[in-house]
Amino acid sequence: SASGDLMIRNIQLKHSGKYVCMVKTEVDSVASAADLIVRGSPGPPEHVKVDEITDTTAQISWQEGTDNHSPVTTYTIQARTPFSVGWQRVTTVPDVIDGKTFTTTVVDLNPWVEYEFRVVASNKIGGGEPSLPSEKVRTEEAVPEIPPSEVSGGGGSRSELVITWDPIPEELQNGEGFGYVVAFRPFGTTTWIQTVVTSPDTPRYVFRNESILPFSPYEVKVGVYNNKGEGPFSSVTTVFSAEEEPSIAPSGVSAMSLSSSVIEVSWTPIPWKMSSGRLLGYEVRYWNNGGKEESSNRVKAAGNETSIRITGLKSNLAYYTAVRAYNSAGAGPFSATVNATTKKTPPSQPPGNVVWNVTDSRVILSWEEVRAMENESEVTGYKVLYRTSSQTNMNVLNTDKTTAELLLQLNEDYVIEVKATTDGGDGTSSEQILIPRLASMDARGSGPSVLNIFSVSGFLPTIFSLTLNSVL
């Protein structure tokens with residue numbers, strides 16, 4: 001360059017060497033030379049070997065690689081196993097390995113696990129490339145050191161004690177022939193009953209004996225063993241034996257039809273002792289008089305409930321129902337069977353010829369009477385459903401007449417519909433009519449004529465206070 005400098009961008013190790021600068025004229029020439037040293041992080045160490053292995057330690061040795069013109073200051077050791085996520089740094093003795101040391105002892109390894117090791121050199125520039133891995137080597141077997149966690153249990157069938165735990169993962173089994181020692185004893189006794197579970201993956205053991213009382217507390221602990229010997233037990237925990245299924249049926253069972261598709265079944269709770277366990281709930285089965293009891297449907301209610309509604313039934317049909325209590329051990333006997341007949345369906349005919357007129361804020365509505373057909377429930381009254389065009393939920397006015405009076409704030413449009421009410425449910429709604437924003441004008445109309453003129457959709461939801469009054 002003009003200033004007599006030499007600049008090498010993105011310099012690399014290969015740029016090391018002797019550089020010569022020469023000045024030539026027609027008369028003479030002068031040259032000057034300089035050695036350029038490029039320093040970098042170390043190359044990978046070589047020939048990594050495992051010289052000695054025990055159950056928890058490994059003696060590692062290696063040879064130094066290139067230092068790239070900056071002496072190695074430290075080495076670190078990494079390992080991986082079939083159970084690790086990639087390469088992990090391991091603990092060594094000494095903890096810090098200086099650049100002049102080419103052997104170390106790795107500690108805190110798991111017994112009976114296959115390991116690979118590699119070495120990374122560092123200098124003042126930074127950490128270098130890792131070495132190639134050593135050959136795979138397995139640590140020696142040892143007695144297992146970690147007992148199962150989450151020891152628990154309970155449930156099961158009558159005369160059973162169910163004991164559960166989280167299995168020990170393979171990398172902590174420490175050797176071949178791994179299994180569990182399950183020990184238990186009735187609460188308050190001194191002698192442990194022990195049994196061996198030989199499968200490492202098994203998470204439970206069930207002890208069956210006719211002498212086991214229902215819902216009795218047992219002290220339980222689970223230990224570990226392998227070919228090298230027995231390891232420790234978990235801490236002692238309390239597990240209850242299986243409960244006894246309910247022995248009596250609910251009393252006071254009754255069934256009542258609420259509509260053409262709903263029946264409510266009620267019962268008196270059964271007396272229950274905590275010594276028998278915990279009552280989970282009641283099972284209600286039901287079938288109609290055209291179906292068979294064996295193919296009945298079933299619904300469940302929680303233990304503190306004394307009634308349940310069965311929905312989705314056919315109209316004007318007798319349904320039979322019975323109730324039984326259940327817990328984790330099973331179900332008790334069914335109650336006596338009771339029946340109820342669903343009501344007829346509500347009328348399919350909507351209220352017709354809905355007529356309205358407005359004076360100030362009073363809206364007077366009238367409509368034609370709905371007459372039920374023979375297979376439909378009798379009309380008991382009518383519902384007037386109304387809302388402002390900006391509301392989403394309908395307000396309801398009940399009446400047993402075919403007229404109604406509403407006191408409305410008429411600075412908004414109103415949407416109104418009418419439907420008959422019966423024991424079997426609500427009938428079909430009339431067409432929606434729209435009473436427009438009329439201020440204090442007098443106006444009148446009927447459902448269909450108003451519907452053709454005014455839109456009943458597309459309003460923003462807002463809540464307004466309404467006063468309603470039934471015409472007596």
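Me: What do Trp62, Tyr75 and Phe102 form?

Reply: Trp62, Tyr75 and Phe102 form one aromatic cluster. The model is a predicted one, in which local features need pLDDT of at least 70 and side-chain atom pairs count only at pLDDT 80 or more, while totals for chains, interfaces and linings use all residues. Residues are numbered from 1 along each chain as its sequence is written, and side-chain values use heavy atoms, with hydrogens and water left out.

Me: What makes the rings of Phe178 and Tyr180 an aromatic pair, and which kind of pair is it?

Reply: Rings of Phe, Tyr and Trp (its six-membered ring) pair if their centres lie within 6.5 Å, and planes under 30 degrees apart count as stacked, over 60 as edge-to-face and the rest as tilted. The centres of Phe178 and Tyr180 are 5.3 Å apart and their planes stand at 85°, so this pair is edge-to-face. In the whole structure, eleven aromatic pairs are found.

Me: Why is the pair of Phe184 and Phe207 called tilted?

Reply: Their ring centres lie 4.8 Å apart and their planes meet at 50°, so the pair is tilted.

Me: How do you know whether Phe184 and Phe207 are buried or exposed?

Reply: Buried means under 20% relative accessible area, exposed over 50%, and partly exposed in between (1.4 Å probe, protein chains only). Phe184 has a relative accessibility of 1%, so it counts as buried. Phe207, at 17%, is therefore buried too.

Me: Why is Ser216 called buried, and where does it sit?

Reply: Its relative accessible area is 15%, so Ser216 is buried. Ser216 lies in the loop between strand E16 (204-208) and strand E17 (217-226). Apart from neighbours within four places in sequence, Ser216 is in contact (heavy atoms within 4.5 Å) with Val239, Phe240 and Ser241.

Me: What makes a group of residues a nonpolar core, and which residues touch the most other members of the largest one?

Reply: A nonpolar core is a set of buried Ala, Val, Leu, Ile, Met, Phe, Trp, Tyr and Cys residues joined through side-chain atoms within 4.5 Å. The largest has 21 residues, of which Val363, Leu365, Trp367, Val384, Leu406 and Ile416 touch the most other members. Strand E33 (414-422) is one of the elements that give two or more residues to this core, and its share of four residues is the largest. A second, separate core of 19 residues includes Val48, Val72, Val106 and Tyr115.
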